[in-house]
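This briefing goes through selected features of the structure shown below, grouped by topic. Please read the points alongside the sequence and the coordinates.

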Amino acid sequence: MGDRSSGGSEDRISPDDRGAYLTNIAGCTHCHTARDGQPFAGGQTLVTPFGNLITPNITPHETGIGGWTQEQFTRALREGLNEEGKPLYPGMPYESYTKMSDEDVAAIWSYVSTVEPVDNEVETVQLPFPYNVRSAVEVWQSMYFEPGRFEPDPDHDAQTQRGAYLVEALAHCGTCHTPRNAMGAKIESRRFQGASAEQWYAPDISKGPNSVLTKWNEEDLIGFLSDEHSRNIPAFGPMSQMTNSLSKATPEDVAAIAHYMLNAQPEPEDTVTVDIEPLPADVASLGASVFASNCQSCHSETGEGKPGVAANLVNNGGVVAQSPNNVISVLLQGIAPNDDYGVMPSFADTLSDEELAAVANHVRRSWGNEGPELATPSLVDRLRAQNPEPEGAVDLAVNCRSVSDEALTDDLKTALSERAQDPSDDAASLSETAAAFVAARPEMTRDERLLSLGALYCRELAIANPGMAEDDFLSANLSFMEDASAALSDGPRD
């Protein structure tokens, strides 16, 4: 494709911003930033069937890629070789990055070689013998890896070409969504047909009959990929990192991905018949009971949830994927609040393995959902060991009321977020925020405004201070409520 592989919509990205733009879509921080770690400094554990790989530091520090040349960086992306010319483990998606254009590789190098250097020595390979022998990776590469650039299809228009390039190369969608064989190599004949990824399951997004995309149209898929939560379905798990990245991409690039995936990706060579496992009546009854007691208040009896409060579970690709891993992992980890949704609590300590399996099956088999495989207590037990402890923001935000406030503008979100980052701000600084909220919701009573504003601030406080002690968190919320009460003007009482 030459240097035009990233043209079109990206022509309006300035040369100074282009490297950051491409690095964002390539998802480099998704793997190279550890939980609570510095961007690009590595240290995140990738759990593979062969053992653990720890992502390296790729900042320009001597413990990272500070001593690398552009040629060495290009060789890593293109040929899967480290700075010494030794093979890299395919935990790095060089199988996709090899297809990137010269221009894009150079732009990414220009950006990552100038990010903030971080001193972080990482022992990247923690695999048991014999998988820790790099010469074995040479054999693997000779069998399964073929370097080469993206080849455009002359029968496709510019939008389709761009979408194909983004999907196949830069965004490396097949790394997670294509199943692998016993040697860890992608099974290309089953391209995009779903695969396990650590404790998660990347659903089938192929053109085949089992694809979750059969339920989507182009407009809604664009909204989902852009992190705009089409159909009240936000991404979760690792996919939420990708939609967060794409929310910063140009609308044309996101539209190109959606168009290619729905209309132009090749038909799969092989498809697997998916059988729906029968759900025993006693498991179905238990699942319905657990859902009614623990989930229904947010997700509703119909499973459709409410924007800003809880996701729609109906025809949700992550929910109805081949494996129940996604639903179980969310039940164990919870989901930290963000600017658009409140917290999803963790049920790891409150529900048994049997109850978690049953409610996962209820969600995957209700409202027309047909998640094929059943969750079992033994699967829940195994996933408990694989899932990390809930984020600090999850434990804090369970103290917050869930609210859905469509009048909450970006300016109000920013104001609440800034105050949450410095809870010691004086009461006077809240007056402007309170006035803006009154203007946005004139129909509310003063008490309704106070409850809504307090709930929104509580969420922002948990996001900004996930490590805050619970007593300090509650004290900061009480202080805010006192200041907000004084700042809010009286509204209609009836």
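This is a predicted model: local features need pLDDT of at least 70, side-chain atom pairs count only at pLDDT 80 or more; totals for chains, interfaces and linings use all residues.

**Strand pairing, a loop glycine and a helix pair**

Val 47 has Asn 52, a residue of β2, as its bridge partner.

- The open sheet consists of three strands, arranged in the order β1-β2-β3, and the pairing in it is antiparallel.
- Its edge strands are β1, which covers residues 45-48, and β3, which covers residues 125-126, and each of these pairs on one side only.
- Between β1 and strand β2 (residues 51-54), which run antiparallel, there are four bridges, and one of the bridge pairs joins Thr 48 to Gly 51 of β2.
- A hairpin is formed by β1 and β2, with two residues lying between the strands.

**Gly 66 in its loop**

- Gly 66 is located in the loop that runs between β2 and α3, the latter spanning residues 70-79.
- When neighbours within four places in sequence are left aside, the residues in contact with Gly 66 are Thr 59, Pro 60 and His 61.
- Gly 85 lies 19 residues away from Gly 66 along the chain, and the C-alpha atoms of the two glycines are separated by 16 Å.

**The packing of α18 and α19**

- Two packed helices are described by the angle between their axes and by the distance between the axes.
- For helix α18 (residues 410-421) and helix α19 (residues 431-440), the packing angle is about 150° and the axes are 10 Å apart.
- On the α18 side, the contact is made by Leu 412, Ala 415 and Leu 416, while α19 contributes Thr 433, Ala 436, Phe 437 and Ala 440.
- Sorted by class, the contact of α18 with α19 comprises six nonpolar residues and one polar residue, with no charged residues.

Conventions
Residues are numbered from 1 along each chain as its sequence is written. Side-chain values use heavy atoms; hydrogens and water are left out. Axes are lines fitted to C-alpha atoms, for helices over the stretch in contact, and angles run from 0 to 180 degrees between N-to-C directions. Contact means heavy atoms within 4.5 Å. Ala, Val, Leu, Ile, Met, Phe, Trp, Tyr, Cys and Pro count as nonpolar, Asp, Glu, Lys and Arg as charged, and the others, Gly among them, as polar. Two strands pair if DSSP finds at least two bridges between them.
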